[in-house]
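Dear colleague,

Please find the structure below, handed over for your own work.

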Amino acid sequence: MRLELSPLLKIIGDWISSLGLPTWLVDLIEMCGAAAMVMGMAFLIILFLVWWERKLSGHFQQRLGPMRTGWHGWLQTIADGIKLFQKEDIIPKTVDRKVFYWAPVICFASSFAAFACLPWGKNLWPTDLNIGILYIFAITTFVVISLLMAGWSSNNKYALLGGMRSAAQIVSYEVPLTLSVLGVIVATQSLSMVAIVGAQEKVYNWFIFRQPLGFLIYLIAATAETNRAPFDIPEAEQELVAGFNIEYSGMKFAMFFMAEFLNLFLVSAVAVTLFLGGWHGPFLPSWLWFLLKAFFIVFVIIWFKWTYPRLRVDQLMEFCWKFLLPLAFLNLIVAGFLFR
Amino acid sequence: MGIISRVPVIAEKIPGGAIVATSLEKVLNISRASSMWYLLFGTACCAIEMMCTGASRYDFDRFGMFFRASPRQADLMFVAGTITYKMAPRVKRLYEQMAEPRYVIAMGGCACNGGPFYYDSYAVLKGVDLIIPVDVYLPGCPPRPESLMEACIKLQEKIMHEKLQEWSSDKRG
Amino acid sequence: MADSGTIIRLLVEKFPSQVEAIELNPKQTAVQIDPKIVAAFFEFIKTHPDLKMAYLSSISGVDMTTNIDIVYFISSIEYKHKLTVRTKVDRLGGKIDTISTVIKGADWFEREIWELFGVEFVGHPNLTQFLLPDDWDEGPPMLRDWTGRNFVKMPEIGG
């Protein structure tokens, strides 16, 4: 017997409808309920991912990660969060105040808004937009704007350089990313996330087997999209005292921090939906399969970060435009022929 | 955090409120102590020991401490290494750029009082506490990683004993 | 590879009255030269085919209470032989020609000696303060009788 969540939600939904409230109120309650659940899920994911990255990075480097706060440090993220809450919020005198305020908000909100479209399990998605994948890529483009805003408003040469490089990197890598995804869309003839998952019912139908090159290109471009190593020139510039984050402290910094992990989970979830069969799988409930597969891809991306050295900016751009892009076109052409 | 500092005063008037105030204090203190992000700042040999302590064998991350390069995001500054008169204004500037609540550990002899360069030196600042307030002094030349971890644990104990009422900024450095 | 005796013979031949060999320790080839010929001296040992010494390891200043000694440590990468060159300048207001036109690496060493000892290097491209703090106004600190900002002298042992 599989422990599915969708029947439970259906029961709650039916109960709300039976209360005899006006339709708009019922819709509003359902929307708020769905948003609250997705928000809760997002925060739980951030909680887990921050701890997991610290532990994994520790174990990859033959040391233990956080061990003191709770059993094996599982409360570490909560401690980090409460500490960041208590920090003084420094706003330097010469920054552009409005832009400075809004940059972390836009970053977090845009990463989070894309969660509305993910198929978390069987009949378990907040909404099924028929332009799902397009919506996700469009919304996450706001992250670029927020990074530029952060870099520019900080009135700091390192922040500006970091922000510009980050924007250049993300915008460049969107091209092979979208092309690799187009290969899948050509095969499923639909932009809707649910339809794409629906086309992968059997294991041999999973697009990772039907379009392995597309999966690889997607994985590499997605790692670059989220500013993670080996493409983390804008982020790890912080280790070299630069990067768009440099003037942010306290809660504003926490928003950038959380947005990074949300983005990481988002690209992994999209990879799972597009290439790894979404929530399909035997025995276990569908939402559990989705989470397991998504966390596996997250693990692979974290593994990349702690294994490979960082690419220089010119190597990064060269790799994208001279190597990934032709491969992505090739993938699209071959997919077009094979999946007519 | 002006509002937080008035919580104990208000809470005492409510029966049973003191428990809320002390529990809140404890939670805030524990979170600050278990998640110290230290500034990547080191001038001389003690910086090498600090790097070793952050690396695999001794590992700061067990205590939740990892490094941030920007002073705005760091809570703790290890003044690791000799501070010369030329470097002193920069150290002060970095300290002022850190966001409160912030702590300083003077690591090694040179940061505590000038160390081996106390005599016969025209350029060494005799102790970093002449320019910034120091929470924990750690002698050694350089102190071993175990010593450095002991200093961090002492700092954590110091943080656990901090009171909410002292949160107005004139009491803190 | 020219040995110690050959080097000194070549140098004394070229600058008869201005170079003399001095004995520092058995393994070190050392000469004392007249400060007026400094630039020509280094030009010579850089270009002479048997010497070819162009790698300047360091320039040191030593306060000998009556005057300041400037010591150049130079060696050859091709032949792997070394030379130590000593000159004397006056203690206060001493001047000597710069060798940074001959050997570029001497630039910062000479700047340091100017800053810490007060010896002026005539013809140096950039004799400005770079090691001492920006607001330093207490004179060259490496002179033996210097005291100043918070200077604590080491107490005598047994005292």
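**Chain B**

Read from the N terminus, the elements of chain B follow the order α-α-β-α-β-β-α-β-α-β-α. That gives chain B 6 helices and 5 strands, where helices (H or I, at least four residues) and strands (E, at least two) are DSSP runs numbered from the N terminus. Please note that this is a predicted model, in which local features need pLDDT of at least 70 and side-chain atom pairs count only at pLDDT 80 or more, while totals for chains, interfaces and linings use all residues. Residues are numbered from 1 along each chain as its sequence is written, and chains are lettered from A and ligands numbered from 1 in the order in which they are written.

Along the principal axes, the C-alpha atoms of chain B fill a box of roughly 60 × 35 × 25 Å. Of its 173 residues, 42% count as buried (20 or more other C-beta atoms within 10 Å of the residue's own, with C-beta atoms placed from the backbone). Among contacts in chain B with a separation of 6 or more, 77% are due to residues 24 or more positions apart; two residues are in contact if their C-beta atoms, placed from the backbone, lie within 7 Å.

**Contacts between chains**

Of the 2 pairs of chains that touch, A and B have the most contacts. Here 31 residues of chain A are in contact with 20 residues of chain B. On the chain A side, the elements giving two or more residues are α2 (23-60), α3 (76-86) and α12 (250-275), and the largest share, 6 residues, comes from α3(A). By class, that side has 11 nonpolar, 11 polar and 9 charged residues. In this scheme Ala, Val, Leu, Ile, Met, Phe, Trp, Tyr, Cys and Pro count as nonpolar, Asp, Glu, Lys and Arg as charged, and the others, Gly among them, as polar.

Between chains C and B, 9 residues of chain C are in contact with 7 residues of chain B. The chain C side divides into 6 nonpolar, 2 polar and 1 charged. Chains A and C do not touch, and their nearest C-alpha atoms are 24 Å apart.

**Helix packing in chain A**

The axes of α6 (residues 142-153) and α7 of chain A come within 7 Å and cross at roughly 165°; axes are lines fitted to C-alpha atoms, for helices over the stretch in contact, and angles run from 0 to 180 degrees between N-to-C directions. The angle therefore makes α6(A) roughly antiparallel to α7(A) (over 145 degrees). The residues of this contact divide into 11 nonpolar, 4 polar and no charged.

Helix α7 (residues 157-188) of chain A also packs against α10 (residues 212-225) of chain A, with axes that come within 8 Å and cross at roughly 155°. This pair is therefore roughly antiparallel as well. By class, the contact of α7(A) with α10(A) has 11 nonpolar, 4 polar and 1 charged residues. Among the residues that meet are A:Tyr173 and A:Leu177 in α7(A), and A:Tyr218 and A:Ala221 in α10(A).

**Nonpolar cores**

A nonpolar core is a set of buried Ala, Val, Leu, Ile, Met, Phe, Trp, Tyr and Cys residues joined through C-beta atoms within 7 Å. The largest has 89 residues, and A:Tyr218, A:Ala221, A:Met258, A:Phe265 and A:Ala271 have the most contacts inside it. Its largest share, 19 residues, comes from α12(A). A second, separate core of 41 residues includes B:Ala74, B:Ala106, B:Cys110 and B:Val124.

Methods. Angles under 35 degrees count as roughly parallel, over 145 as roughly antiparallel, 65 to 115 as roughly perpendicular and the rest as oblique. A residue is buried if 20 or more other C-beta atoms lie within 10 Å of its own, exposed if 12 or fewer, and partly exposed in between; C-beta atoms are placed from the backbone.
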